[in-house]
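Below is a note for a colleague going through the model. The points are numbered so that each can be checked on its own.

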Amino acid sequence: MTDIQQLVGELVKKHGTKREKLLPILQGVIEKERSLSDYAMIEIAKQLGISAADVYGTATFYSFMDTEPRGENIIRVCKTITCFMKGKNQILLALEDALKIKLGETTPDKKFTLLETNCLGWCHKAPAMLINDEIYTDLTIERVHEIIGEYKNK
Amino acid sequence: MSKMVNLKINGIDVSVEAGTTILEAAEKLKIKIPVLCYHKDLCIAGNCRVCVVEVVGSRKLVAACATPVNEGLEILTNSLLVRNARKDIIELLLSEHNADCTKCYRNGNCELQDLAAEYKITNQDFIDLAHGTYTIDDLSPSIVKDDSRCIRCQRCVRTCTELQSVGALSVAHKGSEMKISTFFDRNIREVVCTNCGQCVIHCPTGALVEKTYIERVWDAIADPTKHVVVQTATAVRIGLGEELELDAGSRVTGKMVSALKRLGFDSVLDTDFTADLTIMEEGTELLHRLKANLVEGDTSEPLPLTTSCSPGWVKFFEHTFPDMLDHMSTCKSPQQMFGALAKTYFAKKIEVDPENMVSVSIMPCTAKKYEADRPEMRDSGQKDVDYVLTTRELAVMIKQAGIQFSDLPEEKYDSIMGQSTGAAVIFGATGGVMEAALRTAYEIVTGREVPFENLNITPVRGLEGVREASVKIENVLPDWKFLEGAELKCCVAHGLANARKVMEKVQNKEVEYHFIEIMACPGGCLGGGGQPIPTNDEIRKKRMDAIYEEDANMTLRKSHENPEVVQIYKEFLGEPLGKESHKLLHTEYFERQRY
Amino acid sequence: MGKNMLKRIDLIFKNEHDTDEILSKIFKRSNDDLINDLIGSGLKGRGGAGFPTGLKWKLTSEAKDDEKYVICNADEGEPGTFKDREILTQVPHKVLTGMAVCGRIIGAKKGFIYLRGEYNFLKPHLNEEIDKFHAILKKLGSDFRIEIFSGSGAYICGEESSLMESMEGKRGEPRNKPPFPTEKGYLGKPTVINNVETLAHAWTIFKYGPKKFRDLGVQDSRGSKLFSVSGDTPIAGIYELELGMSLQDFVDDFGDDDCKAVQVGGAAGFCVPRKKFRETAIGYQGKLTGISLPTGGSMMLFNSSRSMYNVLKNYLEFFEEESCGQCTPCRVGCQQLLEGIEAVKRGEKHQHYLNKLLRLSETMKMTAKCGLGQSVANSFSSIVENFREEMIY
Ligand SMILES: Cc1cc2nc3c(=O)[nH]c(=O)nc-3n(C[C@H](O)[C@H](O)[C@H](O)COP(=O)(O)O)c2cc1C
Ligand code: SF4
Ligand code: SF4
Ligand code: SF4
Ligand code: SF4
Ligand code: FES
Ligand code: FES
C-alpha cells in the first residue's frame, strides 16, 4: 500500500464513504500533502464509488484545493479591494524578494508557495495574508521579512 | 388525478398539472421557447438562460425550463424585455465561442447556430473572448472534443453521468475558467470514456463530435487496386432517413443499399448476417454454460452470461467490473465477426487478396470506431475492419455525392454475407438480442418455436430501462434433458446507468439471472451515439417501431434459418464454438484503469 | 470625523454567558410562542438578502419530513465583511444557542456551521465551544448536535443553495429555485440556513424579548446590525449600529473628511457618491424616503485619492473569478464587463460602449441564475453611472 492509499484509507475510516464526506476527505489530504495528486484522487474516487473525473471536477472548483504540487507553507496574499488599496502590491514584491520566487511559484526547497487569494475577512487590518491556516494582518514590508524569517527557521 | 393549475401564456389561457414547468406548459400551447441546456433525456440544469421568460409583475426573468407554474401566473415569452435579454445571452455565448461555422463539423445541424440565425445576430459588439487558447482533443479513435465550440451547457456531463454513469466528463474549475474536462484534463482516449458517443448526440454544438473517417473511405473507393467492402448495421436502415429529410422511423434498407452501390463500394453486405451468426455462437455459449454450471457444477465460465455486442458496454465492463470479466460472452460484436470473415471467408469466395481489401462498416455507433482499433481485432491477419462510419457520416457521403436519396430505387444486398433474418434486424433495439437468442435457443432445446404469438417476445421489448423475463422450458429434446422444467431468467438493460445497476445486483448476488442483454446506448443501437441528432425518446420509439415492422415483414425470422449462416458453418466454420469460430469470432477482455 | 453621531449598540458582543439558564427557559416555552417572538421582533436575515427570520423558521417547521437541518452560514466571503468572524470568536455560544433553538422549533437534530476555509484557525476554539454547548444541551435533555463543515475557498458557497451543494460534496453550483431550502435544502431535506449574526440576534430576542430589539431601527428595518467598516477610515473595525441611519451620518462618524464614495454591501452592493450620502439610508428596501440600501454589513469608504475605475476593476476581477461559471449571463457577462471597461479605458472601445455594458449588466440582473450574477449590476451601474469620467480618462 502506498502512503497515499494509507492516508486516504485513514480518512475514509474517519469520515465514511458517503458523497457528503468528499470535501472533508479532500481537505484531509490537503492538510497532509498540501495538494491533491492524481493518485490521491483516484484512490478517493475508488473508495467513495464515484468517478475520478467527478472528484477532479469538484476539487478544482475550490481555490484552496490545489492540484499542482505545493510547498510546505502556502502563502496566500489577499488581492481584494481594501488590501489592494492598502498596498498589497508592495507586500507581494516583498514576499517575492524574501522568497526569491514569483507569484504562483514554489521555492526549489519546496518550503514555500506564493499565491494570491480573495478577501480574507480582515479588511480592517489590511493588508492581510494567510500562511497555511495562520492569518497575518497589518502587513508592512519589514513585517513580511520578519515572518518569512521565522518560517525559514522553523 | 393531480391538481390542475391555470395560467396565461402570451395572453392565452392554459391549464396544466401542478409541477409542470413553464416550458412544458408553453409546449402544450405550441409556443416555442428556445432552449440550449435543456434536453428531454436529462435532468434540468437551468444554466444557459436562453429560455428566460417574463412573469408579469416580477422584475426578474425566469428560466422557463426550470420554473414550475403557479396558479394565476401571466407569462410573456416574447416581450421586449425577453427578446433583448435573450439576444444579449446569445451574443454572450457567441463572444466566448469560436464561431467560424464554416469550419465546424456541426455546421448545418447546430442548436447555437440555429438560435443565432433566428435572432439574426449579425453584429458582434462584445469583445471576442475566444482568443484561441482552447485545446482540441482528437486523439480518441471515436470522439473529438473541441473546447472552442463549447457553450458549457453541461449536457454532455449530465449524459455521461446520469444516462451512462461513466463519469468520464465532469465540469472543472469555476468562473471564467470553468470548462468541461476529463480526469486531470487527460485525453479522452486515456480515460474511462466508453466511446459510446451519447455525449455527442446530446451536445447542441460542435464541441463533441465523432472522429470522422469519410475522407479515408473516399480515398479507398477511389483506389482501383482496392476492393472496398461495406457492411451496414441494422439500426442504420431505420435512422439514415432522418439525416436525409425523411421522417423518423422511415425504413430505408433498399434505398441505402442502392446509395452505397452508387457511392462506389465494391461489395455491399449486411452486418445482420453476422448478427445471425452471433446468435448461433452466443446461443450455443449460453447453452454450454447452462450445462456446465447446472449439470457439471463447473463455474469457471459463470452465469449469468452477458452479451458483448455493444463495444461501449464492453469497455465500461472492463473499467468497472474487472473482477467479473468471465461473465461476458466471448463473442465479438457482429461488426468484428463480419470484419474477420470479410478478409478470410469472403475474400476467398470472391478471390480477392485480403491485403487489397478495405473493410468499411456503417454503424449507429461511435464505440465501434474504437472497437475496430482494438489490437485484438486483427484475427484475419490484418485490421479486420478498416474504417467505421456513423449513420451521420454515411448521410454526409450521400449528400456529397449528390445523390437524391428519396428518389433511389430499392436494391438488394450482395451475396454472400448479405442475407439476414428478422432476428438479426431486431438487434438494433434494446431487447432484440435477447429475443433473437430466445427464438433460436428455445427451438434448439425443445424443437418447437418460442411460445409467443408471431414469435414476438413482447416482455423483452420497450423502452423501460431494465426489463426482466423468464421463459419456462418444457418437453425438451433428449439432448437437453437437464433443462427440463427449467426457468430461463433473462434481464435486458440499456443505457450504462441501468447496466451498472443490474451488474451491481449480480455482483452482490441479489438477483439470479442466466442471461443478460446490455446495450450501452439508451434504446439500444437505434439510439446509438452515431445516429441522427436529435435523438430522444419520442424519436427512439419511432425507430423502434420501424425495427419491429422490418422484422415482422421478413420471411425468415430466426437466426438458425438464415441459409447463408447454415452455409458458412458447412463450408468454413464447422460448428458454433468450433475451432475456426473460436479463432475468428471470439475475443478476450482486459482489466482497465479506474479514471 | 469621529463625531459620534450614531449611537453605538452593545447587544451582540455583550459579555453574557448564561447559556444554561437561557436555554432552559426557552425550552420550556412553546414553539409557537418562540416563533411569534421572532416574528414580532422584526428580525430579518443579516446575510444580505433580508428574509424575515421568523417566517423562515415557521415555514420550515411546517414542512413535513423526519429529517431537517439547521445551517449557520459562516462563509463570510463578501469583500469588506468580517463581523461574523468576530462573533464566532467572541460570542460563539450565542450563535450555537440560536441554532439549537431553531432546531427545537423546526424539529432538526443536526446543525452545521459552514465555516469558510479562510477561518480554519477558528476551528479549535469553536470546537471547544461546541463541546461545552453539547454538554449543556445534554443536561437539558436535548440531543441536538452541531458540527463544523469547512469550506475551501469559494465565495459563491455563501449562497445558500451552493453552500448545500458544497456540503453534499459537490461543486458549489447554485440550484434552481424553487424549491427553496425551507422545503428542500441539505440532502433534499427542509433546512433553515441563517447568517451567523442572524442567529446571534436570536439570543438577544429570546433573552430580552422582542421589544428590546424592535425598538431599535426604523419601520421595516428593525434592530441593530453589525457593520464591518474598512477602507479610507481612521477607525476601521466592527460596529453595532441601528438600522435606518443616514449614510451622511455614517460618513461623518467614520470618514476621513475626504470621503468621496461608500460602497454599501460589499462588491455585490451599491456605490454611493458623496452627493447622495444625505438621501441614502441603510436598511432593507422599504418605505423609507429616498434610497434605502440593504447590506450584509460591509461598508467600504473611498477618499478622493482613489480611482473608482480601479475599485470597479477589482470587483469585476473578483466576480469573474468567484462566479461558479455555470450560467451564461454571469460567466460570460463578468468577463465582458471587465474586459469592456479595460477596453474603454485603453481607448479601444468608444465611451458609448459603457452604455452597452450597462444594458448588459441589467440583463445579468434579470437573467442570472443566482444572487451573484444578479448583483454584479449593483456595483457596476452605480460606479459607472456616478463616476463615468473616471472610467474613461
Ligand atoms: C453570492 C452570494 C454570497 C453569499 N454569501 C453569504 C455569506 O457569506 N454569508 C451569509 O450569511 N449569507 C450569504 N449569502 C446569502 C445567503 O444566500 C442566504 O441568503 C443567507 O445565508 C440567509 O441567512 P439570513 O436570512 O440569516 O441572512 C450570499 C448570497 C449570495 C447570492
Ligand atoms: S458549434 Fe455551431 S455555432 Fe459553433 S461554430 Fe459550430 S456550427 Fe457554428
Ligand atoms: S461539450 Fe457540448 S454538451 Fe458539453 S457542455 Fe460543451 S456544448 Fe454542452
Ligand atoms: S462517449 Fe460516452 S462514455 Fe465517453 S464521454 Fe461521451 S458519454 Fe461519456
Ligand atoms: S449567477 Fe454566477 S454564480 Fe450564480 S449560478 Fe450563475 S454563474 Fe453561478
Ligand atoms: S480585502 Fe483583504 S482581507 Fe478583505
Ligand atoms: S434551457 Fe432553460 S436555462 Fe437552459
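1. Asn132(A) sits in the loop between β3 and β4 (134–136) of chain A. In this predicted model, Asn132(A) has a positive phi of about 55° although it is not a glycine. Most residues other than glycine have a negative phi, and most peptide bonds are trans. Both kinds of exception can be checked in chain A, as the next point concerns a peptide bond.

2. The bond between Ala126(A) and Pro127(A) is a cis peptide, with omega of about -5°. Pro127(A) belongs to the loop between β2 (112–117) and β3 (129–131) of chain A.

3. Arg49(B) is part of the loop between α1 (22–28) and β3 (52–55) of chain B.

4. Chain C contributes a cis peptide bond between Pro178(C) and Pro179(C), with omega of about 0°. Pro179(C) is in the loop between α7 (160–167) and β4 (191–195) of chain C.

5. Domain assignment, chain A: domain 1 covers 3–59 and domain 2 covers 73–153. The centres of these two domains of chain A, taken over C-alpha atoms, are 29 Å apart.

6. Chain B is split into domain 1 (4–93), domain 2 (98–210) and domain 3, which is made of the segments 278–330, 429–536 and 551–585. Between the C-alpha centres of domain 1 and domain 2 of chain B the distance is 25 Å. Their contact involves 22 residues of domain 1 of chain B and 23 residues of domain 2 of chain B.

7. What are the overall dimensions of chain B along the principal axes? Its C-alpha atoms fill a box of roughly 80 × 60 × 50 Å. The radius of gyration of chain B is 25 Å, which agrees with the value near 25 Å for a compact globule of 595 residues. The secondary structure of chain B consists of 19 helices and 18 strands.

8. Chain C has 15 helices and 13 strands. Its radius of gyration is 21 Å, close to the 21 Å that the globule rule gives for 393 residues, so chain C is as compact as a globular protein of that length. The box filled by the C-alpha atoms of chain C is roughly 70 × 45 × 40 Å along the principal axes.

9. In chain C, domain 1 runs over 19–214 and domain 2 over 308–392. Their centres, over C-alpha atoms, are separated by 33 Å. Contact between them takes in 12 residues of domain 1 of chain C and 8 residues of domain 2 of chain C.

10. Two packed helices are described by the angle between their axes and the distance between the axes. For helix α3 (residues 53–62) and helix α5 (residues 92–106) of chain C, the axes come within 8 Å and cross at roughly 40°. Because of that angle, α3(C) is oblique to α5(C). On the α3(C) side the contact uses Trp57(C), Thr60(C) and Ser61(C), and on the α5(C) side Gly98(C), Val101(C), Cys102(C), Ile105(C) and Ile106(C). By class these are 5 nonpolar and 3 polar residues, with no charged ones.

11. A helix pair also links chains B and C. The axes of helix α2 (residues 80–95) of chain B and helix α13 (residues 353–367) of chain C come within 10 Å and cross at roughly 105°, which means that α2(B) is roughly perpendicular to α13(C). Residues of α2(B) in the contact include Leu81(B), Asp88(B) and Glu91(B), and those of α13(C) include Lys356(C), Arg359(C) and Leu360(C). This contact has 6 nonpolar, 3 polar and 4 charged residues.

12. Which residues come nearest to ligand 5? They are Cys324(C), Cys327(C), Cys330(C), Cys370(C) and Gly373(C), out of 13 residues around the ligand. The shell of ligand 5 divides into 8 nonpolar, 4 polar and 1 charged.

13. Ligand 3 is surrounded by 13 residues, and the closest are Cys150(B), Cys153(B), Gln154(B), Cys156(B) and Cys203(B). The shell around ligand 3 has 9 nonpolar, 2 polar and 2 charged residues.

Conventions:
Residues numbered from 1 in each chain as written. Chains lettered and ligands numbered in written order. Predicted model: local features only at pLDDT ≥ 70, side-chain atom pairs only at ≥ 80, totals over all residues. Heavy atoms only, no water. Near = heavy atom within 4 Å. Nonpolar A, V, L, I, M, F, W, Y, C, P; charged D, E, K, R; others polar. Domains from an automatic or database assignment. Axes fitted to C-alpha atoms, helices over the stretch in contact; angles between N-to-C directions. Helix = DSSP H or I, 4+ residues; strand = E, 2+ residues; numbered from the N terminus. Parallel < 35°, antiparallel > 145°, perpendicular 65-115°, else oblique. Contact = heavy atoms within 4.5 Å. Rg over C-alpha atoms; globule rule 2.2 N^0.38 Å.
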